[in-house]
Amino acid sequence: MAYTAPTPAALKARYPAFAAVLDATVQYWLTDAERFVDQTWREGDYAVALMACAAHHMAMGNIGAAGAIPAGVTNFKSGTFSATLSDKAASATGFDATVYGREYRALQRRNFGGPRIIRAAC
């Protein structure tokens with residue numbers, strides 16, 4: 001089997017929060033995600049990792065409905081806006097800042113994590 005890059009339609013099916021985003025915008029972010037995901041990944045994880053990475057970057061850029069109410073909001077008020085974040089949500093950075101980024105990191109660990117063998121000096 002060959003590595004197959006996902007389409008904007010595939011990303012929108014997996015992550016409905018981006019359903020209203022223009023295909024050209026989604027394709028831009030899928031192409032950008034290729035800086036983080038290449039064919040050294042497991043073939044079965046390749047397309048999913050590209051989509052998770054692209055979705056993370058779109059969410060961080062407030063593209064789509066993904067960032068409407070972020071995870072970790074413990075209190076929300078609409079009139080004269082007020083929101084309270086949990087300490088965990090407030091300190092999340094990088095790929096940990098979105099559910100898509102956390103999915104990407106889990107895939108990354110599955111592909112490149114694992115035990116390391118270090119030869120002992122004798």
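A salt bridge is a side-chain nitrogen of Lys or Arg within 4 Å of a carboxyl oxygen of Asp or Glu. This is a predicted model, where local features need pLDDT of at least 70 and side-chain atom pairs count only at pLDDT 80 or more, while totals for chains, interfaces and linings use all residues. Residues are numbered from 1 along each chain as its sequence is written, and side-chain values use heavy atoms, with hydrogens and water left out.

**View 1. Arg35 pairs up with Asp32 in a salt bridge.** Their closest N and O atoms sit 3.0 Å apart. Arg35 is exposed at 61% relative accessibility, but Asp32 is buried at 15% (buried means under 20% relative accessible area, exposed over 50%, partly exposed in between, with a 1.4 Å probe and protein chains only).

**View 2. Asp45 and Arg110 make another salt bridge.** Here the closest N and O atoms are 2.5 Å apart. Asp45 belongs to helix H3 and Arg110 to helix H5, so this pair ties together parts 65 residues apart in sequence (helices are DSSP runs of H or I, at least four residues, and strands are E runs of at least two, numbered from the N terminus). Asp45 is buried at 8%, whereas Arg110 is partly exposed at 44%.

**View 3. Lys12 reaches Asp23 through a salt bridge.** Lys12 is in helix H1 (residues 8-14) and Asp23 in helix H2, eleven residues apart. Lys12 is buried at 17% relative accessible area; Asp23 is partly exposed at 45%.
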